[in-house]
Amino acid sequence: MTTDPIRALPTDDFASQATPSRVGRAGGRQLSAFILRRLARLAYSVVALATVAFLMIRLIPGDPVRNALGINATAAVVERQRESLGLNDPLWMQYLDFWKGLLTWDLGDSFSLHLPVTTVIEQRLPATLELTFLSLAVVLLVSVPLGILAAAFTRGGRRQFIDVAYTTMSGLLAVIPEFLIGVALVYLFAVQSHVFPVAGRAGPSSYVLPVLALSIGTAAAVSRIVRVEALTVFQQDYMRTARSKRMPRRRLYFRHALPNLMTSSLTIAGIVLASLVAGTVLTETIFSWPGLGLTIVDAVRSKDFPLAQGIVIVYGLIVLVANLIIDIALVCLDPRSALKDT
(Lines give C-alpha, C1' and ligand atoms only; values in the text may rest on other atoms or scores of the structure.)
Protein backbone atom coordinates (compact mmCIF):
# COMPACT_ATOMS: atom_id res chain seq x y z
CA MET A 1 0.00 0.00 0.00
CA THR A 2 1.46 3.34 -1.03
CA THR A 3 1.21 6.68 0.67
CA ASP A 4 0.75 9.93 -1.16
CA PRO A 5 3.86 11.97 -0.17
CA ILE A 6 1.95 15.25 -0.44
CA ARG A 7 -0.52 14.13 2.21
CA ALA A 8 2.41 13.36 4.47
CA LEU A 9 3.84 16.87 4.19
CA PRO A 10 5.15 18.33 7.47
CA THR A 11 2.60 21.13 7.22
CA ASP A 12 -0.18 18.66 7.97
CA ASP A 13 1.89 17.15 10.76
CA PHE A 14 2.64 20.68 12.01
CA ALA A 15 -1.06 21.52 12.05
CA SER A 16 -1.95 18.33 13.91
CA GLN A 17 0.73 18.96 16.52
CA ALA A 18 -0.32 22.57 16.90
CA THR A 19 -3.99 21.73 17.55
CA PRO A 20 -4.71 22.37 21.25
CA SER A 21 -7.18 19.43 21.37
CA ARG A 22 -4.31 17.03 20.61
CA VAL A 23 -2.21 18.22 23.49
CA GLY A 24 -4.22 16.42 26.18
CA ARG A 25 -4.23 16.97 29.88
CA ALA A 26 -0.45 16.91 30.21
CA GLY A 27 -0.17 19.46 27.43
CA GLY A 28 -2.80 21.62 29.09
CA ARG A 29 -0.84 21.63 32.35
CA GLN A 30 2.33 22.49 30.44
CA LEU A 31 0.53 25.35 28.69
CA SER A 32 -0.82 26.67 31.99
CA ALA A 33 2.63 26.46 33.57
CA PHE A 34 4.13 28.21 30.54
CA ILE A 35 1.62 31.07 30.79
CA LEU A 36 2.22 31.42 34.54
CA ARG A 37 5.98 31.63 33.94
CA ARG A 38 5.46 34.25 31.28
CA LEU A 39 3.17 36.27 33.58
CA ALA A 40 5.81 36.10 36.33
CA ARG A 41 8.45 37.34 33.90
CA LEU A 42 6.08 40.11 32.85
CA ALA A 43 5.73 41.18 36.50
CA TYR A 44 9.52 41.22 36.99
CA SER A 45 9.94 43.18 33.78
CA VAL A 46 7.35 45.77 34.81
CA VAL A 47 9.14 46.31 38.15
CA ALA A 48 12.47 46.76 36.35
CA LEU A 49 10.89 49.03 33.74
CA ALA A 50 9.26 51.27 36.34
CA THR A 51 12.46 51.50 38.37
CA VAL A 52 14.55 52.45 35.33
CA ALA A 53 11.94 55.02 34.30
CA PHE A 54 11.99 56.54 37.80
CA LEU A 55 15.79 56.82 37.95
CA MET A 56 16.50 57.68 34.32
CA ILE A 57 14.77 61.04 34.18
CA ARG A 58 16.35 62.12 37.48
CA LEU A 59 19.84 61.68 36.06
CA ILE A 60 19.23 64.47 33.54
CA PRO A 61 20.78 67.71 34.84
CA GLY A 62 18.54 70.69 35.49
CA ASP A 63 15.73 71.78 37.79
CA PRO A 64 12.25 70.75 36.60
CA VAL A 65 10.52 73.29 38.84
CA ARG A 66 12.66 76.16 37.55
CA ASN A 67 11.94 75.00 33.99
CA ALA A 68 8.21 74.92 34.67
CA LEU A 69 8.01 78.27 36.51
CA GLY A 70 10.43 80.17 34.29
CA ILE A 71 13.49 82.25 35.01
CA ASN A 72 11.48 85.08 36.55
CA ALA A 73 10.20 83.00 39.47
CA THR A 74 11.81 83.83 42.81
CA ALA A 75 13.85 81.31 44.76
CA ALA A 76 11.20 81.20 47.49
CA VAL A 77 8.45 80.34 44.99
CA VAL A 78 10.60 77.64 43.42
CA GLU A 79 11.39 76.15 46.83
CA ARG A 80 7.72 76.08 47.87
CA GLN A 81 6.81 74.35 44.62
CA ARG A 82 9.56 71.77 45.08
CA GLU A 83 8.30 71.07 48.59
CA SER A 84 4.69 70.71 47.44
CA LEU A 85 5.74 68.27 44.70
CA GLY A 86 7.81 66.18 47.10
CA LEU A 87 11.06 66.80 45.23
CA ASN A 88 12.85 67.67 48.46
CA ASP A 89 12.06 64.26 49.95
CA PRO A 90 14.74 61.55 50.02
CA LEU A 91 14.96 59.52 46.85
CA TRP A 92 13.68 56.35 48.50
CA MET A 93 10.59 58.19 49.73
CA GLN A 94 9.96 59.57 46.24
CA TYR A 95 10.31 56.02 44.91
CA LEU A 96 7.71 54.68 47.34
CA ASP A 97 5.31 57.51 46.47
CA PHE A 98 5.91 56.76 42.81
CA TRP A 99 4.89 53.12 43.29
CA LYS A 100 1.82 54.07 45.34
CA GLY A 101 0.64 56.21 42.47
CA LEU A 102 1.56 53.63 39.83
CA LEU A 103 -0.42 50.85 41.52
CA THR A 104 -3.52 53.05 41.53
CA TRP A 105 -2.79 54.45 38.04
CA ASP A 106 -2.28 57.89 39.55
CA LEU A 107 0.90 59.10 37.85
CA GLY A 108 0.67 62.65 39.20
CA ASP A 109 0.33 65.90 37.29
CA SER A 110 2.51 67.08 34.44
CA PHE A 111 4.80 69.94 35.48
CA SER A 112 4.67 71.55 32.04
CA LEU A 113 1.11 70.82 30.83
CA HIS A 114 -0.57 71.16 34.26
CA LEU A 115 -2.76 68.15 33.53
CA PRO A 116 -2.93 64.68 35.07
CA VAL A 117 -0.42 62.43 33.34
CA THR A 118 -3.09 59.77 32.83
CA THR A 119 -5.23 62.32 30.97
CA VAL A 120 -2.33 63.26 28.68
CA ILE A 121 -1.61 59.59 27.98
CA GLU A 122 -5.26 58.80 27.26
CA GLN A 123 -5.44 61.71 24.83
CA ARG A 124 -2.24 60.94 22.91
CA LEU A 125 -1.84 57.18 23.15
CA PRO A 126 -4.34 56.39 20.34
CA ALA A 127 -2.29 58.38 17.81
CA THR A 128 0.87 56.44 18.70
CA LEU A 129 -0.90 53.07 18.66
CA GLU A 130 -2.39 53.80 15.25
CA LEU A 131 1.01 54.72 13.85
CA THR A 132 2.75 51.72 15.43
CA PHE A 133 0.29 48.99 14.44
CA LEU A 134 -0.35 50.35 10.96
CA SER A 135 3.42 50.29 10.42
CA LEU A 136 3.62 46.75 11.85
CA ALA A 137 0.88 45.60 9.46
CA VAL A 138 2.70 47.17 6.50
CA VAL A 139 6.00 45.57 7.54
CA LEU A 140 4.53 42.08 7.82
CA LEU A 141 2.37 42.33 4.70
CA VAL A 142 5.35 43.46 2.64
CA SER A 143 8.31 41.65 4.16
CA VAL A 144 6.90 38.12 4.46
CA PRO A 145 5.70 37.73 0.83
CA LEU A 146 8.76 39.62 -0.44
CA GLY A 147 11.14 37.39 1.51
CA ILE A 148 9.39 34.23 0.27
CA LEU A 149 9.42 35.42 -3.34
CA ALA A 150 13.08 36.45 -3.14
CA ALA A 151 13.95 33.00 -1.78
CA ALA A 152 11.87 31.30 -4.50
CA PHE A 153 13.61 33.23 -7.29
CA THR A 154 17.14 32.77 -5.92
CA ARG A 155 17.05 29.27 -4.36
CA GLY A 156 19.86 26.99 -5.36
CA GLY A 157 22.05 29.89 -6.51
CA ARG A 158 19.79 30.75 -9.44
CA ARG A 159 19.32 34.25 -10.88
CA GLN A 160 22.42 35.79 -9.34
CA PHE A 161 21.55 39.25 -10.64
CA ILE A 162 18.27 39.21 -8.71
CA ASP A 163 20.11 37.99 -5.62
CA VAL A 164 22.68 40.78 -5.83
CA ALA A 165 20.09 43.48 -6.58
CA TYR A 166 17.78 42.34 -3.78
CA THR A 167 20.45 42.01 -1.10
CA THR A 168 22.05 45.34 -2.06
CA MET A 169 18.78 47.31 -2.08
CA SER A 170 17.32 45.69 1.03
CA GLY A 171 20.59 46.09 2.92
CA LEU A 172 20.80 49.76 1.99
CA LEU A 173 17.22 50.48 3.05
CA ALA A 174 17.66 48.54 6.29
CA VAL A 175 20.54 50.68 7.53
CA ILE A 176 19.02 54.09 6.74
CA PRO A 177 17.59 55.61 9.96
CA GLU A 178 13.85 56.29 10.11
CA PHE A 179 14.35 60.03 10.54
CA LEU A 180 16.40 60.29 7.33
CA ILE A 181 13.74 58.37 5.42
CA GLY A 182 11.12 60.64 6.98
CA VAL A 183 12.94 63.82 5.96
CA ALA A 184 13.36 62.50 2.40
CA LEU A 185 9.68 61.59 2.17
CA VAL A 186 8.64 65.01 3.43
CA TYR A 187 10.86 66.74 0.89
CA LEU A 188 9.74 64.60 -2.06
CA PHE A 189 6.04 64.11 -1.41
CA ALA A 190 5.07 67.08 0.77
CA VAL A 191 7.37 70.01 0.00
CA GLN A 192 8.06 69.37 -3.70
CA SER A 193 4.98 67.60 -5.02
CA HIS A 194 2.38 68.50 -2.34
CA VAL A 195 0.86 65.02 -2.59
CA PHE A 196 0.65 64.48 1.16
CA PRO A 197 0.47 66.88 4.11
CA VAL A 198 3.76 67.93 5.70
CA ALA A 199 2.71 67.30 9.29
CA GLY A 200 -0.19 66.70 11.60
CA ARG A 201 -2.86 64.03 11.94
CA ALA A 202 -5.84 65.05 9.87
CA GLY A 203 -7.38 62.53 7.51
CA PRO A 204 -6.13 59.27 5.96
CA SER A 205 -3.53 61.00 3.78
CA SER A 206 -1.67 62.27 6.85
CA TYR A 207 -0.88 58.67 7.85
CA VAL A 208 0.93 57.75 4.66
CA LEU A 209 4.31 59.43 5.14
CA PRO A 210 4.78 58.61 8.87
CA VAL A 211 3.83 54.97 8.29
CA LEU A 212 6.21 54.71 5.32
CA ALA A 213 9.01 56.38 7.28
CA LEU A 214 8.62 53.80 10.05
CA SER A 215 8.09 50.73 7.91
CA ILE A 216 10.39 50.99 4.85
CA GLY A 217 13.68 50.20 6.56
CA THR A 218 12.16 47.67 8.93
CA ALA A 219 10.37 45.84 6.10
CA ALA A 220 13.63 45.60 4.17
CA ALA A 221 15.46 44.14 7.18
CA VAL A 222 12.68 41.67 8.02
CA SER A 223 12.38 40.48 4.42
CA ARG A 224 16.06 39.48 4.50
CA ILE A 225 15.42 37.37 7.62
CA VAL A 226 12.33 35.79 6.06
CA ARG A 227 14.31 35.00 2.90
CA VAL A 228 16.97 33.13 4.89
CA GLU A 229 14.29 31.16 6.76
CA ALA A 230 12.44 30.43 3.52
CA LEU A 231 15.59 29.14 1.82
CA THR A 232 16.00 26.69 4.69
CA VAL A 233 12.38 25.54 4.36
CA PHE A 234 12.69 25.14 0.59
CA GLN A 235 15.55 22.67 1.10
CA GLN A 236 13.40 20.32 3.17
CA ASP A 237 12.41 16.95 1.71
CA TYR A 238 8.68 17.63 1.76
CA MET A 239 9.19 20.72 -0.43
CA ARG A 240 11.19 18.66 -2.94
CA THR A 241 8.38 16.12 -2.96
CA ALA A 242 5.81 18.84 -3.55
CA ARG A 243 7.84 20.25 -6.45
CA SER A 244 8.16 16.80 -7.97
CA LYS A 245 4.34 16.59 -8.01
CA ARG A 246 4.34 19.79 -10.11
CA MET A 247 2.19 21.58 -7.58
CA PRO A 248 1.25 25.17 -8.56
CA ARG A 249 3.76 27.65 -7.20
CA ARG A 250 1.22 29.70 -5.30
CA ARG A 251 0.03 26.61 -3.44
CA LEU A 252 3.57 25.37 -2.96
CA TYR A 253 4.93 28.54 -1.39
CA PHE A 254 1.94 29.96 0.45
CA ARG A 255 0.17 26.78 1.56
CA HIS A 256 3.12 24.56 2.41
CA ALA A 257 6.05 26.91 2.99
CA LEU A 258 4.30 29.81 4.71
CA PRO A 259 2.78 27.79 7.62
CA ASN A 260 6.23 26.49 8.47
CA LEU A 261 7.51 30.07 8.53
CA MET A 262 4.72 31.20 10.85
CA THR A 263 6.59 30.67 14.12
CA SER A 264 9.64 32.57 12.97
CA SER A 265 7.40 35.31 11.53
CA LEU A 266 5.62 35.74 14.87
CA THR A 267 8.94 35.86 16.71
CA ILE A 268 10.16 38.52 14.30
CA ALA A 269 6.92 40.47 14.85
CA GLY A 270 7.77 40.92 18.54
CA ILE A 271 11.21 42.29 17.71
CA VAL A 272 9.77 44.52 14.99
CA LEU A 273 7.16 45.94 17.35
CA ALA A 274 9.82 47.03 19.84
CA SER A 275 11.75 48.71 17.02
CA LEU A 276 8.65 50.49 15.74
CA VAL A 277 7.68 51.73 19.20
CA ALA A 278 11.14 53.23 19.63
CA GLY A 279 11.02 54.66 16.12
CA THR A 280 7.81 56.57 16.79
CA VAL A 281 9.70 59.05 18.98
CA LEU A 282 11.72 60.53 16.10
CA THR A 283 9.03 59.96 13.49
CA GLU A 284 6.40 61.81 15.50
CA THR A 285 8.85 64.66 16.03
CA ILE A 286 9.51 64.97 12.28
CA PHE A 287 5.84 64.90 11.30
CA SER A 288 4.50 66.79 14.37
CA TRP A 289 2.38 63.74 15.08
CA PRO A 290 0.28 64.34 18.23
CA GLY A 291 1.27 61.15 19.99
CA LEU A 292 3.37 60.06 22.93
CA GLY A 293 6.64 60.20 20.99
CA LEU A 294 6.44 63.94 20.45
CA THR A 295 5.20 64.41 24.02
CA ILE A 296 8.08 62.52 25.62
CA VAL A 297 10.64 64.61 23.74
CA ASP A 298 9.12 67.76 25.23
CA ALA A 299 8.85 66.12 28.65
CA VAL A 300 12.54 65.15 28.72
CA ARG A 301 13.59 68.62 27.60
CA SER A 302 11.66 70.23 30.44
CA LYS A 303 12.49 67.48 32.97
CA ASP A 304 8.81 66.80 33.47
CA PHE A 305 9.32 63.81 35.79
CA PRO A 306 5.74 62.49 36.01
CA LEU A 307 4.99 62.81 32.30
CA ALA A 308 8.28 61.29 31.09
CA GLN A 309 8.01 58.41 33.57
CA GLY A 310 4.44 57.67 32.59
CA ILE A 311 5.18 57.61 28.86
CA VAL A 312 8.26 55.40 29.27
CA ILE A 313 6.18 52.93 31.28
CA VAL A 314 3.40 52.91 28.67
CA TYR A 315 5.91 52.34 25.87
CA GLY A 316 7.45 49.46 27.78
CA LEU A 317 4.06 47.93 28.59
CA ILE A 318 3.08 47.96 24.91
CA VAL A 319 6.17 45.94 24.02
CA LEU A 320 5.96 43.57 27.02
CA VAL A 321 2.27 42.77 26.59
CA ALA A 322 2.60 42.32 22.83
CA ASN A 323 5.50 39.90 23.32
CA LEU A 324 3.50 38.00 25.94
CA ILE A 325 0.65 37.59 23.44
CA ILE A 326 3.10 36.44 20.75
CA ASP A 327 4.70 33.91 23.12
CA ILE A 328 1.27 32.45 23.95
CA ALA A 329 0.34 32.34 20.25
CA LEU A 330 3.59 30.52 19.48
CA VAL A 331 3.03 27.88 22.13
CA CYS A 332 -0.54 27.37 20.90
CA LEU A 333 0.76 26.83 17.35
CA ASP A 334 3.47 24.46 18.56
CA PRO A 335 2.86 23.14 22.11
CA ARG A 336 6.36 21.64 22.15
CA SER A 337 7.59 25.19 22.75
CA ALA A 338 6.30 24.95 26.31
CA LEU A 339 8.56 21.93 26.89
CA LYS A 340 11.59 23.80 25.57
CA ASP A 341 10.92 26.83 27.77
CA THR A 342 13.01 27.02 30.92
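How much accessible surface does the protein chain have, and what share of it belongs to carbon and sulfur atoms? The accessible surface comes to about 18300 Å², and 65% of it belongs to carbon and sulfur atoms. Accessible areas here come from the Shrake-Rupley method with a 1.4 Å probe, and for residues only the protein chains shown count as cover.

This is a predicted model, in which local features need pLDDT of at least 70 and side-chain atom pairs count only at pLDDT 80 or more, while totals for chains, interfaces and linings use all residues. Residues are numbered from 1 along each chain as its sequence is written, and side-chain values use heavy atoms, with hydrogens and water left out.

**Whole chain**

Show the protein chain as a cartoon. Its secondary structure consists of 14 helices and zero strands. Helices (H or I, at least four residues) and strands (E, at least two) are DSSP runs, numbered from the N terminus. Of the 342 residues, 39% are buried. Buried means under 20% relative accessible area, exposed means over 50%, and partly exposed lies in between (1.4 Å probe, protein chains only). Among contacts with a separation of 6 or more, 74% are between residues 24 or more positions apart; a contact means heavy atoms within 4.5 Å.

**Stop 1: α6 against α12**

Select helix α6, residues 117-154, and helix α12, residues 292-301. Two packed helices are described by the angle between their axes and the distance between the axes. Here the angle is about 130 degrees and the axes are 8 Å apart. Axes are lines fitted to C-alpha atoms, for helices over the stretch in contact, and angles run from 0 to 180 degrees between N-to-C directions. The two helices are therefore oblique to each other. For the naming of angles, under 35 degrees is roughly parallel, over 145 roughly antiparallel, 65 to 115 roughly perpendicular, and the rest oblique.

Now show side chains at the packing site. From α6, the contact uses Val-120, Ile-121, Arg-124, Leu-125 and Thr-128; from α12, it uses Leu-292, Gly-293 and Thr-295.

**Stop 2: two threonines of α6**

Select Thr-118, which is found in helix α6. Thr-118 is buried, at 15% relative accessible area. Not counting residues up to four places away in sequence, Thr-118 touches Trp-105 and Leu-107.

Move to Thr-154, also in α6. Is Thr-154 buried or exposed? Thr-154 is buried, with a relative accessible area of 6%. Leaving aside neighbours within four places in sequence, Thr-154 contacts Arg-159, Ile-162, Asp-163 and Arg-227.

**Stop 3: salt bridges**

How many salt bridges does the structure hold? There are three, a salt bridge being a side-chain nitrogen of Lys or Arg within 4 Å of a carboxyl oxygen of Asp or Glu.

Select Arg-38 and Asp-327, whose closest N and O atoms are 2.8 Å apart. Arg-38 is in helix α2 (residues 24-58) and Asp-327 in helix α13 (residues 305-333), so the pair ties together parts 289 residues apart in sequence. Arg-38 is buried at 14% relative accessibility, while Asp-327 is partly exposed at 22%.

Next, select Glu-130 and Arg-201, which meet at 3.0 Å, N to O. Glu-130 is in helix α6 and Arg-201 in the loop between α8 and α9 (205-234), so that the pair links distant parts of the chain, 71 residues apart. Glu-130 is partly exposed at 29%, and Arg-201 is partly exposed at 35%.

Last, select Asp-298 and Arg-301, with closest N and O atoms 3.6 Å apart. Both lie in helix α12, three residues apart, or about one turn of the helix. Asp-298 is partly exposed at 38%, whereas Arg-301 is exposed at 63%.

**Stop 4: positive phi**

Most residues other than glycine have a negative phi. Trp-105 has a positive phi of about 55 degrees although it is not a glycine. Trp-105 lies in the loop between α5 (91-103) and α6 and is partly exposed, at 38%. Ser-288 has a positive phi of about 50 degrees. Ser-288 is in the loop between α11 (249-286) and α12 and is partly exposed, at 41%.

**Stop 5: a nonpolar patch**

Switch to a surface view and select Tyr-187, Leu-188, Phe-189, Val-191, Val-195 and Val-198, which form a nonpolar patch with about 530 Å² of accessible area together. Patches are made of residues with over 30% relative accessible area and no salt bridge; like charges are joined within 9 Å, and nonpolar side chains (Val, Leu, Ile, Met, Phe, Trp, Tyr) within 5 Å. Tyr-187 is in helix α8, residues 178-192, and counts as partly exposed at 47% relative accessibility.
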